[in-house]
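Here is a friendly tour of a two-chain model, written for someone who likes cut-offs spelled out. Please take a look at the structure before reading on.

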Amino acid sequence: MRTLEDVLEEITPTPDPGFVADMESRIRQGFPRKRKSRLPALGYRPVLTVAATTLLAVLVAVSLTGEGEQPSTPRVAMESTDESAVVDPAFAPPGAGGAIAPRTDIRRIERSAQLTLAANPDEFDQIADDVFRITGQHQGFVLQSTLTQEEEEGGSGGSFELRIPAAQLQPALGELSRLATVRARSESGTDVTGAFVSIRDRLRTARALRASLLRRLELATTDTAANAIQRRLAIVGSRVGRLRAQMRDMRQRTEFATVFVELVDEDAGAVAGSTDEAVDDAVGSLEDILTFLIRAAGILVPLALVGGISWLFATRARKRARDRALA
Amino acid sequence: MDGAVAETMSGTFERSAPTPSEAFEALYRRAFPRVYGYVATLLRDRAGAEEVTAQAFERALRKRRSFRASRGSEEAWLFGIARNAALDELRRRKRRAALEADPEDVHATAPDEAADGALRRQAVRAALGRLAPRERELVALRFAGGLSHEEIARVLGISASNVGTRLHRTLEKLRRDCDEDA
């Protein structure tokens with residue numbers, strides 16, 4: 001007598017020979033994919049597209065925000081080889097330019113440069129002479145200079161503060177750079193056109209007022225009136241003097257660039273300097289990477305959380321739906 | 001299947017291969033009739049069973065790198081895939097009513113069967129048809145699929161002892177039903 005278990009095994013449906021042969025063939029071929037489009041069946045694809053677009057938009061927004069973090073002072077890059085310090089259309093701000101400085105045909109830019117030269121202390125005297133010579137050749141002058149010669153290693157050094165006509169800045173820097181090994185070089189420029197125009201306008205107004213007062217003084221008929229006008233003339237004259245001094249100072253600052261030249265012992269600074277720079281570079285790179293990772297995490301972590309929770313809900317919903325098929 | 005073989009299977013699955021690996025083909029040869037039997041018992045439709053069986057093996061082939069021997073045998077893994085495919089098909093075709101209907105052509109009786117045996121099989125089929133779908137699935141996994149209690153537990157996501165209890169009760173119910181028919 002066969003048991004129930006035997007019968008249950010006996011009544012198990014068996015595949016047709018045709019289906020078996022078909023499966024054998026498909027197994028051998030590795031179930032080649034059908035070429036029909038599966039887009040309609042993939043409901044999550046639009047979601048992925050939207051998520052990718054959102055991510056891209058956020059990244060672009062973040063990068064644009066990063067670019068906006070510029071200092072408010074109009075610093076002007078001095079990488080350009082343009083030697084003109086007074087009229088320089090390349091430095092003019094785009095568009096109306098009113099946000100940075102009033103519209104004007106003359107741009108006033110205060111320029112400065114720092115140069116660190118490394119050389120053997122035995123050559124310091126010769127280099128100092130050359131610094132003076134080059135400064136003079138470019139119609140500049142040395143405002144301050146110090147030169148120290150010490151026996152101990154690293155004790156020697158020198159520094160020079162030069163004023164060089166802005167138009168001569170680039171050729172002068174080029175010649176100074178050839179005197180020794182350039183350890184560091186930086187240039188900067190600040191657009192002071194707004195301040196310059198303001199002083200100029202105030203000076204014009206003060207002069208016009210003074211001229212007017214002088215005319216009124218000539219026409220004064222009483223001593224009292226003449227005395228009052230003279231008191232006002234004294235005040236206005238003092239204001240004109242202050243403004244002229246400011247104009248002179250501003251002209252000097254913009255027509256002459258300030259150049260700081262530092263002279264260092266090439267042996268003393270070489271190893272330490274390069275090591276310090278390497279460490280600084282490494283720290284800087286690490287900070288950049290960390291900044292990027294934090295920004296990326298700020299975007300990706302919430303997206304991943306939302307995606308993960310959605311996936312979890314979808315999986316559970318699908319499982320419940322499958323279970324309901326047998327309910 | 002023992003653990004050593006399962007590990008071999010896992011290792012073979014993890015290799016990148018454009019065509020089915022020998023291990024997958026061995027799994028196919030070992031499990032194909034049983035998977036078909038299980039799916040056909042669940043769907044009670046020969047054409048549907050063929051389609052779902054092929055779909056299950058195709059999915060298994062594509063997802064073979066997801067198999068982990070530590071989570072159970074490859075048979076349990078394969079039957080899990082087949083079950084999902086069958087349930088998806090049931091949902092899609094709204095076959096719930098058919099599940100509870102009388103057996104279809106998959107259980108057609110051969111004309112030369114002995115009368116006693118045929119009667120006995122007919123009674124069992126009828127009793128099987130009267131079982132609840134979940135109970136019938138349990139019987140199909142055990143007798144059509146030939147899975148152990150542990151493997152069934154893996155497929156259904158319940159404990160092995162629960163499988164044993166439920167299977168025992170289902171068989172008792174089936175036995176009583178058959179006896180009443182007789």
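Two strands pair if DSSP finds at least two bridges between them, and helices (H or I, at least four residues) and strands (E, at least two) are DSSP runs, numbered from the N terminus. This is a predicted model, in which local features need pLDDT of at least 70 and side-chain atom pairs count only at pLDDT 80 or more, while totals for chains, interfaces and linings use all residues. Residues are numbered from 1 along each chain as its sequence is written, and chains are lettered from A and ligands numbered from 1 in the order in which they are written.

**Strands of chain A**

S3(A), residues 141-148, pairs with S4(A), residues 157-165, in the antiparallel sense over 7 bridges. One of the bridge pairs joins A:Thr148 to A:Gly157. How many residues of S3(A) are buried? The count is 0 among its 8 residues, so to speak a strand that is hardly covered. Here a residue is buried if 20 or more other C-beta atoms, placed from the backbone, lie within 10 Å of its own.

**A buried helix in chain B**

The buried residues are B:Glu151, B:Ile152, B:Ala153, B:Arg154, B:Val155 and B:Leu156. Just after H8(B), B:Gly157 has a positive phi of about 75°.

**Two helix pairs**

Two packed helices are described by the angle between their axes and the distance between the axes. Axes are lines fitted to C-alpha atoms, for helices over the stretch in contact, with angles from 0 to 180 degrees between N-to-C directions.

| Helix pair | Angle | Axis distance |
|---|---|---|
| H6(A), 193-219, and H7(A), 223-255 | roughly 155° | within 9 Å |
| H2(B), 22-43, and H3(B), 46-62 | about 145° | 9 Å |

The angle in chain A makes H6(A) roughly antiparallel to H7(A) (over 145 degrees). Their contact has 16 nonpolar, 3 polar and 8 charged residues. For H2(B) with H3(B), the contact residues divide into 12 nonpolar, 2 polar and 1 charged. Ala, Val, Leu, Ile, Met, Phe, Trp, Tyr, Cys and Pro count as nonpolar, Asp, Glu, Lys and Arg as charged, and the others, Gly among them, as polar.

**Where the chains meet**

The contact takes 21 residues from chain A and 38 residues from chain B, with contact meaning C-beta atoms, placed from the backbone, within 7 Å. On the side of chain A, H1(A) gives the largest share, 6 residues.

Key
Contact = placed C-beta atoms within 7 Å. Parallel < 35°, antiparallel > 145°, perpendicular 65-115°, else oblique. Buried ≥ 20, exposed ≤ 12 C-beta atoms within 10 Å, placed from the backbone.
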